[in-house]
Every structure is written in structure tokens, then in C-alpha cells.
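Please look over the sequence and the structure shown below. The briefing that follows is grouped by topic.

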Amino acid sequence: MDELLRDFLTETHESIDVVDVELVRFEQDPNNAKILNNIFRLVHTIKGTCGFLNLPRLEALTHAAEALMGKFRDGARVTGEAVTLILATIDRVKTLLDQLERNESEPAGDDRDLIAELERVAAAIPVPGAARQPDESAIDELERAFRDTPGPRYQSGTQPAAPSAASAAEPPENSGEREDERADSKIANQSIRVHVDTLEYLMTMVSELVLTRNQLLDIGRRHEDSEFKAPLQRLSNVTAELQDGVMKTRMQPIGNAWQKLPRIVRDLSAELRKPIEFEMQGAETELDRQVLDLIKDPLIHMVRNSADHGLEMPAERRAAGKPERGTIRLAAWHEGGHIIVEVSDDGRGLDTARIKSIAIARGLVSEAEAEKMSESQIQKFIFAPGFSTASKVTSISGRGVGMDVVRANMDQIGGVIDVKSVLGQGTSFTIKIPLTLAIVSALIVQCAGDRFAIPQLAVVELVRVRSNSEHRIERIKDAAVLRLRNKLLPLVHLGSLLKISEGAEGEVENGFIVVTQVGSQTFGIMVDAVFHTEEIVVKPMSGRLRHIQMFCGNTILGDGSVIMIIDPNGIAQELVGTVSSRLVADTETDRHADDGMVESMLLFRAGSPQPKAVPLSLVTRLEEIDPRSIETTNDRQVVQYRGQLMPLVPVNDEVRLKSSGAQPLLVFSDDGRSMALVVDEIVDIVEERLDIELASAKAGVLGCAVIKGQATEVIDVAHYLPLAFEDWLHWRHHPTGASPRQVLLVDDAPFFRNMLAPVLKAAGYIVTPATSVDEALALLHGNRRFDAVVTDIEMPGRDGFELASAVRANPRTANLPIIGLSSLVSAEAIERGRQVGLHDYVAKFDRQGLIAALKEQTADLDRAA
Amino acid sequence: MTESVENVIEYVTATVGGQLFGLPISRVQDVFVPDRLTRVPLAPPEIAGLLNLRGRIVTAIDMRRRLCLDAVTDGSPRMAIGVECRGESYGLLIDAIGEVLKVPVSSREDNPVNLDPGLARVSAGVHRLDGRLLVVLDVDRVLEVAPRARAA
């Protein structure tokens, strides 16, 4: 292609994009002379160059558009119709340019239609003559600006077309403008145009250099006192700096990906008849151009979505008390090694109920599961494949290609997308993307003799497991889990996932777990060994291997060997199929936010085929022991456990100790003492809303509940503890001879009343249960005297905070200690509790904490008395 | 010289499972001894692994498997022929490399109809040589290693 033509195309493409943006700005701010000046100059440049290069179609088009814009220069009022027409002209110019780029000549045909229209609109616009519009000074300025613009000078088409940068460099006389122009030209002179291929090549070469450097360092490590050491270190530093520098050349402001958006929003606004305010922040935030290319389309899609589905019609907005003009905000900023891009609107927000019903209808989730999910979990269904809530297909969006495509795009670049929405107030999508894709920090691990790289980005932490250590792999049927800070972490063995483990697969009792997070999903990858982290250059997988979703690329390590890079997204997808996603317990608060009663229950069998259950939070650990290690002393079965003798108690008389194989045990520990319940089989862990429907008179059974559609006995742990240690419930009995303390226990859930009452009784308190705040207040106002109140905070109707306020308000009970129980212990909740007069705040399952708090509060009472 | 230059094709020859094969010399980048193959889990069986050839990652294809011949059992050091396809490097693992042969175009015949289907898929014809037959490999078809029906 002709050098001149190529330059023209590159420059014009850029100018046209700017005109797009500027015109939309100009429409909103028609008196801004600077914007009009800018547009004019750009169109002039294009027109002038077209004449020079003999491109008659382009020249005619730009000339007609210029004539219309000239009317504005003469003070005509800017109309939406005129701007739409000019934008249409620019679209035509773009089409012509595309064809020009392909064929190196203008396509045949003419543009009479558009030109006629442009002329018609231009003729129809009345030009105010001497009677100028009120803001004369502004227009004077504008005129002067145009006079000073160098653009028209080569209008004739006979003069050589100077690139716009050069023309801008000519100093105009206008003083105000001159400053700006100077600044512009300074920047223009300081940058040069480099072909992308050149940069790509540089990047590849630097990648190779990094690899060679790594290789040398590796050799250097093996020869401790080599004279190469110092120069090698220097080489290493220079390489790192060079790498940084080359990376910088690939960085582009994210605004480049946004350029088209104001125009798109403007067109949408007209088409949908919704006035839309479009705000952009942080356009200067830089990121790798490869990443930039990949997020361009998703961003456009998201903005379209916001305009189409997010924002309401003006009438609807007015009715909701919002300004008629909806706002879409696009913001970008750096955070760590990432860029965060946020697209938010102040529209109607996501309709969680609708999403839920669609998710159920599409079979993405069962009704029962959906009931237990928090709002934010349900909202995430919009990222599920083929999910679209738009009830009718519009030309803008809702064609069944939706947020799932956006998510897929994000996954491809290791990005994470999230949504937050408040009904009636708006929706905001956030994307977290890595700055660059070419070089990443990765953790090198080993599995079945092979090494693999796991991108550091996804790695949360490393856990060392040993059969006898605190971190131990437990199994629920076939699913391996790790108990990590009171959460169950689903585990997947890398070897079995990749089908490379020989023989006894998954039998790694000694090894490492790479705790990995993908989106909201956290899981552990079991590996044999962990080496170190290394900066690796990601090379794409060969086309013949790209279908393997477990890998996202490969790389050459410092020692010259090739290794695969694990794709955490691929593993996460695979995992959903193998391990029940129920175990991927979202954050504790998430789970409890919408329903405090959902509890993890451990299901097991003992004596009968009917399942039994116990709250998982009460169980300290699950054990399997060799039955031969069970000893009998004093007619009791014990086993040596962590240097102590641990008594074994069968759940009921029907349970027989196994004679061979592995004997499953549920271990309960309290204050350094442990006992184990002997069961036949551990079945599952489920999260269920707990309603004990039938109380039981049977010793050791709290009652019967429906769990997973089956009647299940919920066992009473408090019953078994004294069977193991006769003194368990007495040894910390109230030490003084004082009369036992009276405690009022308020909880709407029978399960917790049943569970806590024995615990408190055992600690020496007399417990009176109440099922609601009203019942509790009635009891308090009656003749009974209470020493303390223990109340649940989250209750339907009046909650624990209200109870506390009411108790404080009554002079008779104003000094009564109140302890709040909650599954949700946050700083704000504690603060709120303190304000309404709670003496203490204890997590619901913290029995020791509760007893300690009670003891403290009633002791205060003693002193006060 | 009885044959004019246009009527001669140059082949790099190699033996796989006792059979002589020829690759058009224009397609061959280099010949090397494969070193330190990294196996690729979940890959099609024809893919022997990946290796580092002077800083490039090369996908090694086990030609015995590709041609449906018996897999190597003796573990003897093999050779590889480097080829390129759409910017990606591949190494065809062979038993032994032979000489470069100049063969008259006229000696080439279509695949015999009874040729093993595994071979016929990747063969672009057969040359009659003195006492031997040379099977011409169609490099592009050799590289069409189909991903196994998404065995997940």
C-alpha cells in the first residue's frame, strides 16, 4: 500500500473516532467553541487530504458535512437531527475508509442520498443574521478561533496534505488557543508512531531474554562462587528493567476502549427514548493493549445492557422519584496488579425474584437450593450460560447472548466479574482484570512426577497436610474436604483431574493444598510438592491442544523444560461437576444474611438405616480409626488420641464396633477433653433450614427434622457428653453455694432452645425458655426474678435489639444483664448492640463463650449487690 | 542427467515401523534429537508431548501412533523432523532419519486402494524406488490430530 495512503488511513481513523466523541459532547454543550473548533479542524483535515489523494466520494461527503457544521459556526441552533445526520455521514466515511483499506481505492457509487439530506438540513436551518443570539461574545470567540485554524488553508486540495499534528504545530494568533495548541504539539513531537508488529516482536524477544536470564540464574545457583555472579546479577536487573520498559510500550489508556461509547449511548438514548447521562472516569488508566482489545466488546455489551435493561423509562423514573435522566457511569482505576472497571447505572436494579424463577425454570438450581441462596448469589445467575431476563428481544440486547458471554470473555483473560444490585436503586458490574497477560507470576508445583504452573493470581494460600497434623484431609464418601478456619474446602487432586496419577489415586495424606479462588468459588488443589514462584512467559497452547480446558498455556522454565500452565477457571468448572457446590460454602455472612436458620448438618447412620444428624459446628472433627487400636478399660472403650485417652460412646445400643476396616467416629472436644461418638457410616454434609418438627422423648435425640426430604433424627450432643465423662457437666459447676442463677433464654428456633438449654443447665443455671420477644417481656414483667437474659438477635417480628431496648426502658429491669446471640457478629452489630444496652455479644455456637459471658455478667451482679 | 529439474521432487526420508516415508523437503525445517519431552495430560494419544527447541515450544507427534503402527517399546533414542504449520512448530517423532532422495515425478502413483486406512489418511501417493516403496506424507493432514471427542 502507498505510504501516503497508509498514513492517511491511520490518521483519519483516529480523527474520525475523536469526531464521534466530540460531536456527542457538542450536542450537549452547543456553545462550547473549543469543541466545535476541534471538530471543524478534524473534518477540514480529512477533506483537504481527500482532495489531495484524489478520493472524490470522501471529499464530497466531508464537504457537505462541513457545510452543515458551518451553519452552527454561523450561530444556528444545534439540533439533534443535524447531529444524527452528521454522525450518519461519519459512519459512511468509516465504511468508505474500510473499503479503501482493503482495496486501496474508493469503491464505486455515490453518496447523493446523504449529501442531499445534508444540504436539505443545512438549507432549512435559519441563520440568524445581524440579530445574533444572546451569547455574542462566545460566538465571536468561536469565529476568531475558526479564522485562526490552519485547517482551511489547504482546502483547495492542491497543497500537500500535512498530517494534523504538523498543522496543529503552526502557531495561531489567538493567544488563548495558542497555549493549548503548543501543549498539544509538544506531546505530538515527543511521540512517534510504531507499528504494533514491531512492539509485538520486541515483546517476544524480551520474553526470550527473560527465559534465557532465568536459565543463566539457574546455572548460577548451582555454581555458588562463580565469577559470573556479579555480571549475572547485573544482567538480571537490566533484563527486568527492559521487560518493564517494553511492557510500558504496550500500555494504552483504557479510554481507547471507551472511545465509541459516548456515541453508542447517544444512539441508544435516541432509540430507546430514554435520556441518558453518560459519565466516564479514569479513562487515562493504562493497561496492556492485548487486554484492552479483549475487554472492548464486553464493555460495550455491558453499557448497552445498562441502557436497555438497567434504566427505566422516564415516566417510570419520575414515578419512582428519580430524575428523568438516567445515569450510566463508567469508571476505571488501578488496584494492586489489577485494573478495576466498573459499569454502574441508577436504574431499576436486578429483579432477584425474577432471576430466581428463571434460574429454577432453566434447571440451573433446584427450588429448595434457590430458597437458601442469598440475594447476591442469585444475582450471579445472570452470568450463567444462556441466561437472559429481558422478557422481549429488542434490537439492543436480549438476544440470549448476555452476561454469560461477557463472563466467558473475562475468564479468557483471567478476569473476574461481579455484580452488585439494589432493587430500585441501580446495578453495578465490576470487572477485575490483570494488567498484562504476557508475563505472569506463577507457583510451580509437582504432581505425579510432572511440574505444573498455577497462576499466582488465583492462589490464596498454601496448606501443608499431613495425616497427623492439624490440617488433615477428611472424606465425606468420595469427596475430599479440608477443614480450614471453620470452613470446609472442597479438594480436588490434580493428578486424578489430569488422569496422571498411577494406582491409588488421591491417596495423598502428605502433600500440599493450593487454596485457589476463582470468582466466589474457593477450592483446594492437592499436589505432591510445591517449589517456588517464578515469573513465566505465557505462551499459547498449540492449536492441537487448545481444547484441553485444564490448561491456559505453556511456558519454558529456567531449566529449559516445558511445563503446562494450569487454568484455575477450567478446574473450577470441572469441580462443579465432581464436588457438590454446596460445599463451596460462600462466606459465612453470605449464607446467614438471608436466613439465620440454615445450618450445616452432618448426616450419619448409626444402628438403623434411617439417617441421623448433628450440627456440623458442634463436631470438632471426623475420624476413622483402626478398630484394633480400641482398648477396653474399666468396662469402657477408649482409644489413644493425641496423647490422651478418648472415651468412645456408641450413639445407641444397636451400633456395633467394627472388627476390621476403619471405624468412623465423630469427635467432640471441649476444654481440652475429647470424646467420640461411634457411628456406622458418615453419609453427607448438607445445609438445611432446621425445623425440628417432632420433639423426642428418647434419650439422646432432640427430635425429628426433615433433611433432604427424609425424616432424620437430630441427636442431642449434650446427652452423650456425661456418658463419656461423668463429671463433664458438673466439673465447672457453679462453685459457690449461692442459689442458682435464673436465666431467660429467648430464641424463636426450637432447635437452639433445645440445644442451649441443656448447656446452660449443665453450667448450673436455671433456664426458662421463651419463643418470642413478647413472651419474654411478659415473663420479665411477671413475678419471676431473672438474673440474666440470653437472647437471639435475629428473630422474626421484634428482634433482640428491640427486646434490649424494652428491657432497658423498664426501670425494674434496667440493670438486668442481657447477652445477645447471633450467627452474625460484625463490628456494626456489636456497636448497635452496645447502644441499645446489650452487655455482651456472643456467636451462636460459641457455647464456652456464652457461659463465660454469663459468668462474668452474673458476677458483676454479685458485686453490685 | 536425463530428468529436467522440474520433474524431480526432493524428499527427506524417514523410517517409521520399518516403512520408508518421504516428506517434501520444502516443508522440513530441521531434524533434531528430541530431548526432555513433557507429556501433556488429557491430550490425544498421538501427541507425545512438548519440548523446548532453542526457545520454541514444539509439539511432538508420535508418528507410530499417528500412522496406527505399533508403539515403540525398546525406548531407543528417536529422531524428530521439525515442521511448521500456521506459525506453530511441530516435531514428528520417527524411528530413523534417512537420506534426502531426488525422485522423478513420473515414478509417483496414487495410493493403492488396499492401503491401510490409517496410512491412506495421511499419504499423498507412493513412489516406486529400487526395491522399495516410498510413501509420501501429506504434512498438513498428518498434523490434523483431532481432539478426542471431548473426553472430560
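A residue is called buried if 20 or more other C-beta atoms lie within 10 Å of its own, exposed if 12 or fewer, and partly exposed in between, with C-beta atoms placed from the backbone. This is a predicted model, in which local features need pLDDT of at least 70 and side-chain atom pairs count only at pLDDT 80 or more, while totals for chains, interfaces and linings use all residues. Residues are numbered from 1 along each chain as its sequence is written, and chains are lettered from A and ligands numbered from 1 in the order in which they are written.

**Confidence**
- Where pLDDT is low, predicted coordinates should not be read in detail.

- Most residues other than glycine have a negative phi.
- Lys499(A) has a positive phi of about 55 degrees and sits in the loop between helix H19 (494-497) and strand S14 (511-518) of chain A; helices (H or I, at least four residues) and strands (E, at least two) are DSSP runs, numbered from the N terminus.
- Lys499(A) counts as exposed because it has 11 C-beta neighbours inside 10 Å.
- Ala448(A), with phi near 50 degrees, lies in the loop between strand S8 (439-447) and strand S9 (450-455) of chain A.
- Ala448(A) has 19 C-beta neighbours inside 10 Å and therefore counts as partly exposed.

**Helix H15(A)**
- The buried residues of helix H15 (residues 352-361) of chain A are Ile355(A), Lys356(A) and Ala359(A).
- They are on the same side of H15(A) because they cover an arc of only 100 degrees around the axis, taken from the directions from the helix axis to the C-beta atoms.
- These buried residues pack against helix H16 (367-372) and helix H17 (375-379) of chain A.
- Exposed residues Ala353(A), Arg354(A) and Ala361(A) are carried on the face turned away from the buried side.
- Gly363(A), which follows H15(A), has a positive phi near 75 degrees.

**Strand S30(A)**
- Val714(A) belongs to strand S30 (residues 710-715) of chain A and counts as buried, with 22 C-beta neighbours inside 10 Å.
- Val614(A) is 100 residues from Val714(A) in sequence, yet their C-alpha atoms are 5.7 Å apart.

Key
Contact = placed C-beta atoms within 7 Å.
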